[in-house]
Amino acid sequence: MQKWLFLPITIFLLSCNAGKNRAPYTSVEIELLYSDSLSIRAIGLMGHSLAFAADKGAFGTIDLNSGKIRSKIEKYHTSIPEFRAVAHNATDFFILSIGNPALLYKTGEDDKMDLVYKEEGDGVFYDSMTFWNNREGIAIGDSREGCLSIIVTRDGGHHWNKILCSDLPKSLEGEGAFAASNTNIKVIGDKTWVATTGGRIYYSPDKGRSWSVTQTPIQNKLPTQGIYSMDFYDRDLGIVFGGDYTKPSEQIGNKAITTNGGKSWSLIADGDPPGYESCVQFVPGSGGKEIVAVGFTGISYSRDRGKTWKTLSKEPFYSLRFASCTVAYASGKGRIARILFKT
């Protein structure tokens, strides 16, 4: 792995003006940016860079202008963590491991990462992480002692504290989240949605200080079923994707949409493709009508708010983030790529 050096970051997202007359996507062009023997499930846009975190202790950034890669391996004593969550604020970059112990690092001095949170014990498994703003962030994990594991920071990521079970809804037996693409948390303003393996949505209107929970119609009878990914276009319109990664062609009860901020959910394209996908994202500037989902079976696209879908490519990916309405970045087994959406 190449030496990795953190650079100051700024939040960046290219704007899109969709327009009613924009033609639908018909194909994609895939440009390989990075390849290695890694499983890369966590990516995030940071200014003109793309951050990534992976197994084998690997993490780093890709300069999207020059293509320069800065990467490093983080070890914990004699073990090598597997990272499946990445986040950032205006000054720092954060990576979070799965498994026991849970290890959350932030950028420190002299090209080193500082361990800012550690949790040990049976059942410890953290899944995803994001920030509301430069000071406040959240990470979620599987249930322990009767509630989801939720930690928050209010000081820019220097310290993290776990929310007490007495302040959270009671979890279902074995309820957790899938660490598939770092997309089972979504924040807009003060609002927060968390999607679980139980097919449920946890909702907080006040940045994690109070919580309620809603059941969706997503199938969740088996341990391999539940919600794998979620996105919200605005405070009202959201989508969840589920399925079963062991039976990716199954299409019953795996896609649902809300138009009232998650108070209620309705199945869409039920019984129709696509089946299991590990990441779903609204196309920016599309008015919430265009959606892209990716998984190890390919890239799927809808331009009617999820009612019907088209396969744009059979190239497998785990996770995807849009930089504009026609450019996205995706990660998968052994690679990170730029995806250009063609009309």
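Student: In which loop does A269 lie?
Tutor: The model is predicted; local features need pLDDT of at least 70, side-chain atom pairs count only at pLDDT 80 or more, and totals for chains, interfaces and linings use all residues. Residues are numbered from 1 along each chain as its sequence is written, and side-chain values use heavy atoms, with hydrogens and water left out. Helices (H or I, at least four residues) and strands (E, at least two) are DSSP runs numbered from the N terminus. In those terms, A269 has its place in the loop between β20 and β21.

Student: What is the phi of A269, and is the residue buried or exposed?
Tutor: A269 is not a glycine, yet its phi is positive, at about 45°. Buried means under 20% relative accessible area, exposed over 50% and partly exposed in between (1.4 Å probe, protein chains only). The relative accessible area of A269 is 11%, so the residue is buried.

Student: Which residue is joined to P101 by a cis peptide bond?
Tutor: P101 is placed in the loop between β6 (93-97) and β7 (102-107). Omega of the bond is about 5°, and the partner is N100.

Student: What is omega for the cis peptide bond between P273 and P274?
Tutor: P274 lies in the loop between β20 (266-267) and β21 (279-282). For the bond that joins P273 and P274, omega is about 0°.

Student: Over the face of which residue does R41 lie?
Tutor: R41 has its place in strand β1 (residues 27-46). A charge sits over a ring if NZ of Lys or CZ of Arg is within 6 Å of the ring centre and within 35 degrees of the ring normal. R41 is at 3.7 Å from the ring centre of Y318.

Student: How far from R41 is the nearest side chain of opposite charge?
Tutor: Lys and Arg count as positive, Asp and Glu as negative, while His and the chain ends are not counted. A salt bridge needs a side-chain nitrogen of Lys or Arg within 4 Å of a carboxyl oxygen of Asp or Glu. R41 is buried yet has no salt bridge. The nearest side chain of opposite charge is that of E82, and the distance is 5.8 Å.

Student: How many aromatic pairs does the structure hold?
Tutor: Rings of Phe, Tyr and Trp (its six-membered ring) pair if their centres lie within 6.5 Å; planes under 30 degrees apart are stacked, over 60 edge-to-face and the rest tilted. Ring pairs link Y25, Y301, F322 and F341 into a cluster. The number of aromatic pairs is 18.

Student: Why does the pair of F178 and Y228 count as stacked, and how many residues apart in sequence are the parts tied together?
Tutor: The ring centres of F178 and Y228 are 3.7 Å apart and the planes are at 5°, so the pair is stacked. F178 lies in the loop between β12 (161-162) and β13 (185-188) and Y228 in the loop between β16 (212-215) and β17 (229-232), so the pair ties together parts whose separation in residues is 50.

Student: Which residue forms a stacked aromatic pair with W193?
Tutor: The pair has 3.9 Å centre to centre and 15° between the planes. W193 is in strand β14 (residues 191-195) and its partner in strand β17, 39 residues apart. Both are buried, and the partner is F232.
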